[in-house]
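The questions below ask on what grounds each label is given. Each answer sets a value beside its definition.

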Amino acid sequence: MPEISQSHYSLERCSRFNKRCREDGVATVPPRGAPLLLTPSRGLKRKIGCIENATQMGKSGRIEDYYVTGGGTLGRGKFGSVAVCRARAGGVEYACKTLRKGEETVHREVEIMQHVSGHPGVVTLEAVYEDAESWHLVMELCSGGRLVDKMREGPCSEHLAAGILKEVMLVVKYCHDMGVVHRDIKPENILITGYGKLKLADFGLAIRISEGQNLTGVAGSPAYVAPEVLSGGYSEKVDIWSSGVLLHALLVGGLPFKGDSPEAVFEEIKNVKLDFQTGVWESISKPARDLLGRMLTRDVSARITADEVLGHPWILFYTERTLKMVPVKSKLKFQNAAACHKLVASPESGSGGNKKGDGSLNEGSSSFSSSESCNSEYRDDCGWIDALATAVSRVTISEPKRTKLWSPTAPIDQQGSSNMKTSLCKAF
Ligand SMILES: Nc1ncnc2c1ncn2[C@@H]1O[C@H](COP(=O)(O)OP(=O)(O)OP(=O)(O)O)[C@@H](O)[C@H]1O
């Protein structure tokens, strides 16, 4: 996908920008629950204590005692690298992210990973070890690579895009419910397991937020950053904007905001009027465009929440059994009931190569190939797009409200997290 490649090439040239972002984020936003006038030394000590707590939970000792380290490098970041390691007991392979100590952002990344690990959509943190220089985060190995690499093959079907977005929004909603804003949602940070499950990774820019809190400090990746990040205070809604950019790229194979420099990209983010009516958009269903418009709105109070994305008819149509009868019941335009029933059933039958309709990317499947896209003319002939559009028109997006940002019990129980409670850092 040339546009995406180009954009990320330009992002790589902006590593200094990203570094500044990380620093700004730290300097301006206190961790959740921290006294506002916490002295730096006390805050850091408290955080280190918190991490040590976790490492003492059966994970004391040197990482080398438990894992064979130094396997193949999976990736490199600003503060360390990620390599394969293998458990001495059992031989299971993991990804080990080694982060150099010193930067406060590194401590925060470890803490937030401990806080959210356990959700099925987050890369599981298996153990944390420390030595004099580094933290070693032993994580589940995502051997399927990164979503961005799959996306280079071209736009994907609406069915697959909806499945992927749903997976991403489930984890984004979870993070928001846990009081965490990821701030760097992009396909580079969405990994794929060997079984084709999507996992959100890289919490290096993530930050805690409390209800009603306004975050400040520029943080994110230029092409995905929300306009309000560039102009002042912002909230967890920045993750919805970034996910909207991701949806745009999934549907049409290109980014909505482009430029030769970060500044040029930012200008577009702040000013360009998006047109979802003409050109390539004519082959995209109205409900998909409707959802995109609600995610990529600059009016933060009008931008939908993660919950509302998950309840949008376009997502429900492709991912929920319950909606499949809606077009059949509400639309009398169908000419060929048998053919249409087959199509209506398609979300479960997996026309986009995603048999579970949940965003899983089956290994070896060419789900991202444009040749597997649904035939939109055929769908329109059957009228379900109209039916779905009708459903969309009936959707009421709630009045601007603050999402409940801190509800530790329900999400933990709902997700059936086994290690969530133990890894939750109380002193956070
Ligand atoms: N659990 C994992 N399984 C497999 N590969 C991984 C895993 N975690 C990270 N990687 C690989 O390592 C790369 C870098 O990881 P990550 O993004 O967490 O590091 P980072 O230092 O925060 O990077 P950046 O500075 O680019 O944000 C990823 O893009 C991915 O290719």
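**Grounds for the labels**

Q: Which of the 21 residues around the ligand come nearest?
A: Gly-75, Gly-77, Ala-95, Cys-142 and Asp-202 come nearest of the 21 residues around the ligand. A residue counts as near a molecule if its C-beta atom, placed from the backbone, lies within 6 Å of it. The model is predicted: local features need pLDDT of at least 70 and side-chain atom pairs count only at pLDDT 80 or more, while totals for chains, interfaces and linings use all residues. Residues are numbered from 1 along each chain as its sequence is written.

Q: Which elements give two or more residues to the shell around the ligand?
A: They are strand E2 (73–76), strand E3 (80–87), strand E4 (93–100) and strand E6 (134–140). Strands are DSSP runs of E with at least two residues, helices are runs of H or I with at least four, and both are numbered from the N terminus.

Q: How do the residues of the shell around the ligand divide into nonpolar, polar and charged?
A: The shell has ten nonpolar, five polar and six charged residues. Ala, Val, Leu, Ile, Met, Phe, Trp, Tyr, Cys and Pro count as nonpolar, Asp, Glu, Lys and Arg as charged, and the others, Gly among them, as polar.

Q: What makes E2 and E3 a pair?
A: Two strands pair if DSSP finds at least two bridges between them. E2 and E3 have three bridges and run antiparallel, so they meet the definition.

Q: How many bridges join E3 to E4?
A: Seven bridges join these antiparallel strands, so E3 and E4 also count as paired. Arg-86 stands opposite Glu-93 in E4, and Arg-86 is also the bridge partner of Val-68. The hairpin of E3 and E4 has five residues between the strands, and Gly-90 there takes a positive phi near 100°.

Q: From which domains does the shell around the ligand draw at least three residues?
A: It draws at least three from each of domain 1 (63–140) and domain 2 (145–319). These bounds come from an automatic or database domain assignment.

Q: How many residues does the contact take from domain 1 and domain 2?
A: The C-alpha centres of the domains lie 26 Å apart. The contact takes eleven residues from domain 1 and 15 residues from domain 2, where two residues are in contact if their C-beta atoms, placed from the backbone, lie within 7 Å.
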